[in-house]
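Please walk me through this structure in plain paragraphs.

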Amino acid sequence: MKRFLLFLTLAVAFTSHAQQLALKKGTITDGVKVHDTLPETFALYLPSNFDTSKKWPVIFVYDMKGRGKQALSMFAGAAEEEEYILAASNDIRDSLSIAQNILISTRMFNTISSMFPIHARRSYTAGFSNGARFASLVPTFVKNVQGVISCGATVANTEVLSSKRPFQFIGIVGNSDFNYPEMLALEKTLNKLRFPNQLLVFEGEHQWPTQEYLSMAMEFFTLASLAKGDIPSDRDFVKEAYEKNLVAVNNWVASQKPLIANGLLDEVIDVFRPHLNVDSLANSKKVLKRSKLFKTQNRDQNAIFFKEALIKEDYIYYLEEDILTYNYNNLGWWNYQMEELKKFDKSAKVFERQMGKRLKGFVNALIEDNIDIISAESNIDQEALVFLWMLKTITEPNDFSYYLKIISESSKVEDYGTALFYLEELLKKGYQDKKELYNLENTALLRITPQFNEIVEKYLKEARYDIIDE
């Protein structure tokens with residue numbers, strides 16, 4: 001059936017101001033004001049069948065760069081399918097303090113509650129990576145948040161978790177994501193704390209999960225609400241969700257992925273136990289874990305995790321030492337490490353290939369974290385920052401932004417040899433934006449030199465300034 005976008009006009013009254021909104025159902029509306037007197041805005045998604053005659057669940061999605069519409073675009077398909085309202089602030093920033101971001105969140109929460117009939121016990125948060133970490137903090141500071149969907153990240157701080165204010169934590173992670181081992185460890189920690197949680201694993205790296213997994217997470221929230229009696233019983237919904245999850249488990253078994261199948265089976269048993277007799281699934285789990293393939297893969301994965309942990313310790317140790325001593329001589333060692341990781345990509349062993357991808361993600365995240373820490377200091381250690389930028393050209397050679405930063409900073413201190421070296425390395429990688437290159441900050445003197453223009457002409461065929469032969 002062809003779906004038509006319906007229009008919904010809402011008059012939203014605030015303390016002494018009002019704003020008239022024309023909102024489309026079934027699509028994302030950006031730039032919705034939190035308050036007429038505040039500059040804060042958020043993106044909003046209402047399902048196509050939204051109406052004001054019933055109370056709705058809502059998920060507040062976090063992006064730490066304030067890209068509300070972009071964040072909602074990842075959840076919209078699942079929210080449409082599972083009938084959830086979505087909202088995401090355009091003002092949340094990783095440069096702000098936790099307290100400031102919580103205040104921004106609270107104002108958005110209050111506005112959404114005043115605009116729509118939100119179910120009092122069906123408010124949730126979600127996000128990816130840093131956004132997910134912040135989403136996991138929100139229930140500690142904001143009452144009535146019942147759950148978190150955390151994509152590619154563990155909780156920000158397990159020490160702030162309280163049994164007096166429990167929430168349902170649903171982690172979603174790729175098995176080649178550098179946070180995958182930590183997510184598995186977190187699951188065990190949350191189980192010991194008797195914290196309600198599920199972990200959904202897919203085949204992939206540090207990336208957004210597909211709609212299938214986000215829909216499954218929302219289904220788990222709905223099933224929890226049914227179990228607690230927060231919404232009326234719905235046998236058809238439970239039956240359909242149960243059958244769909246069993247199909248997913250069987251597909252993992254059929255594709256010879258018993259570790260993922262076993263993990264999902266654990267969550268299905270946990271989520272559906274309040275609704276159905278799951279004894280047969282418990283027996284199936286025992287059979288699966290006794291299989292030769294499960295035992296072999298479980299042993300191999302644990303061995304890889306041990307090896308991976310040792311390599312991570314080396315990365316952490318040497319990076320800390322290199323930053324403190326500005327050890328440019330060790331850039332060769334880092335280049336060797338990246339070449340070693342490339343060998344894992346060609347390994348015949350699937351767990352080694354996954355480890356290689358996780359380690360690449362880990363080292364890049366580690367460097368970026370240190371860049372953020374140094375950049376946030378009142379007195380920025382510029383030399384340490386340049387070292388880290390140089391390191392990024394080794395660990396992530398196709399990210400052109402770091403070459404440009406080095407060229408600009410080296411030109412600023414008149415280190416033209418370094419600037420020219422990284423200019424040529426940049427152009428070798430396929431960089432084509434001549435306009436950006438000739439407008440790069442601090443390079444006014446560099447870009448009129450014959451050497452600069454010779455390199456540009458060599459790779460981009462034409463330089464802006466003529467090369468004069470002496």
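Asp230 forms a salt bridge with Arg121, and their closest N and O atoms are 3.2 Å apart. A salt bridge here is a side-chain nitrogen of Lys or Arg within 4 Å of a carboxyl oxygen of Asp or Glu. The pair links distant parts of the chain, 109 residues apart: Asp230 is in the loop between α5 (211–228) and α6 (235–254), and Arg121 is in strand β7 (residues 118–128). Helices (H or I, at least four residues) and strands (E, at least two) are DSSP runs, numbered from the N terminus. Asp230 counts as buried, at 18% relative accessibility, whereas Arg121 is partly exposed, with a relative accessible area of 35%. Buried means under 20% relative accessible area, exposed over 50%, and partly exposed in between (1.4 Å probe, protein chains only).

The model is predicted: local features need pLDDT of at least 70, side-chain atom pairs count only at pLDDT 80 or more, and totals for chains, interfaces and linings use all residues. Residues are numbered from 1 along each chain as its sequence is written, and side-chain values use heavy atoms, with hydrogens and water left out. The protein chain has an average pLDDT (the predictor's confidence in each residue, from 0 to 100) of 92, and 94% of the residues score at least 70. Over residues 1–19, however, the pLDDT is below 50, and this stretch has 44 contacts in the model beyond near neighbours in sequence. Contact means heavy atoms within 4.5 Å. Where pLDDT is low, the predicted coordinates should not be read in detail.

A search of the whole structure finds 18 salt bridges. Side chains of opposite charge can pair when their charged atoms come close. One of these salt bridges joins the side chains of Glu340 and Lys343, at 2.8 Å from N to O. Both residues lie in helix α10 (residues 331–345), 3 residues apart, which is about one turn of the helix. Glu340 is partly exposed at 24% relative accessibility, and Lys343 is exposed, with a relative accessible area of 54%. Another salt bridge brings together the side chains of Glu396 and Lys392, at 2.5 Å from N to O. Here Glu396 is partly exposed, with a relative accessible area of 29%, while Lys392 is buried, with a relative accessible area of 0%. Salt bridges also link Glu182, Glu308, Lys312 and Arg358 in a network.

Lys25 is a charged residue without such a partner. It is located in the loop between β2 (18–24) and β3 (28–33). Lys25 is buried yet has no salt bridge, and the nearest side chain of opposite charge, that of Asp51, is 6.7 Å away. For charge, Lys and Arg count as positive and Asp and Glu as negative; His and the chain ends are not counted. A polar atom of the Lys25 side chain does lie 2.8 Å from the backbone oxygen of Phe50.

The next stop is strand β4. Why is strand β4 (residues 41–45) largely enclosed by the rest of the structure? The reason is that 5 of its 5 residues are buried. In a regular strand the side chains alternate between the two faces of the sheet. Both faces of β4 are covered, with Thr41, Ala43 and Tyr45 buried on one side and Phe42 and Leu44 buried on the other. β4 runs antiparallel to β3, and 4 bridges join them. Two strands pair if DSSP finds at least two bridges between them. Leu44 in β4 is the bridge partner of Thr29. β4 is also joined by 4 bridges to strand β6 (residues 85–89), again antiparallel, and Phe42 stands opposite Ser89 in β6.

Ser48 lies in the loop between β4 and β5 (56–62). Ser48 is buried, with a relative accessible area of 14%, and its side chain makes a polar contact with the side chain of Glu80 at 3.0 Å. A polar contact is a pair of N or O atoms within 3.5 Å; within protein, one must be able to donate a hydrogen and the other to accept it, and residues adjacent in sequence count only if both atoms are side-chain atoms.

Arg165 is partly exposed, at 32% relative accessibility. Leaving aside neighbours within four places in sequence, Arg165 is in contact with Pro139, Thr140, Phe141, Val142, Lys143 and Phe195. The side chain of Arg165 reaches the backbone oxygen of Thr140 at 2.8 Å.
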